[in-house]
Amino acid sequence: MFYYVSFLRPPPLQALPSSSVNIVPQIANDLRTELFGDSLDIFYSWYPAGETDENSIDTVKPVRLTTWKHTNAYKEINVPLPPGVRDGQSWRLILSSEPQHISINFQDACGAEPKFGKNPFAVISMPINFTKNATKNSKKQEKIERRYSFIAPRLQNSENSRMKLTLRIVEQTSFDLDKKIWDSGIGLSSWLVSLAGNVDSSVQQSDSAAAQLRRVLFSPAARNIIELGAGTGIVALTLGALRSVLVADEGEPEDGCLITTDLPSAMPLLEQNISLNSHSLTRQTACPRPEILDWDADIPPYTQALRGKLDAIIMADVTYNTASFPALIRTLSRLIKLNPIDKPPMILLGYKERDVAERTLWTMATEIGVHFELAGERPGAGEAPVEVWIGQIGQQKA
């Protein structure tokens, strides 16, 4: 599992340039239901709201703000103002658990001693407008941002073999489940980066499920991929950014799409995150296309364009509600049946166990011919890891 630095009480949209900014920091799990149990220093830094260089955020110099303890979890903290702040300026407040890490590096999961998720992830506020017209009752912010970075591989015939990418993912501070980052989305995105870079050990065997999936997801050829339960869109955005780089030297595929789906309530934030990361989505067929897909209804008409050519179905954290499993299985079955029996799509699932009853999904999947195998893990800070499962389709029941 992972822990996240957040704002229990967010900063205001406006603040006086002559007094401190008051917040209540929090360190908790993805659903904010379990507080971080140990003591840990929290650092703060200010970042100009108009800065356009994505990588410059990791050059700021954080300063220790307070020590997080379970016993002071609801204590209000006064944050000193940005140095030299003037009336009319806008700044973003960053809270982190490490003075040297603001962006969340997906590739920290690689190597002999992976450190990905060992420490809580940093948080970035929305812009705070410093103005002498601000009032004490200024409205609190309702969104936050986190940044994720990785080095994407290039094809061998490219001039630069590696390219650094940064994704900006906005979440809401409300408790709406489809408007915040969940562990499995982060873990699966990190695993996709490793898969694209061919550094995961399971890819070394050419006949393994992971190797087959890599050929499906990262071939320069046209690909048709659909995501279920997209939420903030982090998985589709990671995949889209990787495909944009990997197909860059082969030209734009004539066909193909990356469709990312959820309920209507998720669309505004999903669309915002896609727009926010358009700089990393340089190929039209790799840019996620947001669409509504309700598991309780039949698959929408737009899915008919995938008939006979659906390559992959991806999902992360779709198992939190076991009551939805029959609807999810029906949706999977209908999507799978878009293809002929001899050309089934592959399935990729990011999962973190919250209740052992969730694992009944694997048994239910066999009823429609889907057999999952464990392909990798992202352990993070311990307890339940993010598991990565690859599903392949055998014989379906009529």
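Tutor: This is a predicted model. Let's begin with rings: those of Phe, Tyr and Trp count as a pair if their centres lie within 6.5 Å. Ring pairs of this kind link Phe2, Tyr4, Phe106, Phe116, Phe121, Tyr148 and Phe150 into a cluster.

Student: How many aromatic pairs does a search of the whole structure find?
Tutor: The search finds 13. One of them joins Trp362 and Trp389.

Student: Why is the pair of Trp362 and Trp389 called edge-to-face?
Tutor: Their ring centres are 5.2 Å apart, and their planes stand at 70°. Trp362 belongs to helix H6 and Trp389 to strand E19, so the contact ties together parts 27 residues apart in sequence.

Student: What makes Trp362 count as buried?
Tutor: The cut-off for buried is under 20% relative accessible area. Trp362 has 12%, so it counts as buried. Trp389, at 14%, is buried as well.

Student: How do you know that the charged end of Arg359 sits over the ring of Trp362?
Tutor: The CZ of Arg must be within 6 Å of the ring centre and within 35 degrees of the ring normal. The charged end of Arg359 is 5.8 Å from the centre of the Trp362 ring and sits over it. Likewise, the charged end of Arg32 sits over the ring of Tyr4, 5.3 Å from its centre.

How values were computed. Residues are numbered from 1 along each chain as its sequence is written. This is a predicted model: local features need pLDDT of at least 70, side-chain atom pairs count only at pLDDT 80 or more; totals for chains, interfaces and linings use all residues. Side-chain values use heavy atoms; hydrogens and water are left out. Rings of Phe, Tyr and Trp (its six-membered ring) pair if their centres lie within 6.5 Å; planes under 30 degrees apart count as stacked, over 60 as edge-to-face and the rest as tilted. Helices (H or I, at least four residues) and strands (E, at least two) are DSSP runs, numbered from the N terminus. Buried means under 20% relative accessible area, exposed over 50%, partly exposed in between (1.4 Å probe, protein chains only).
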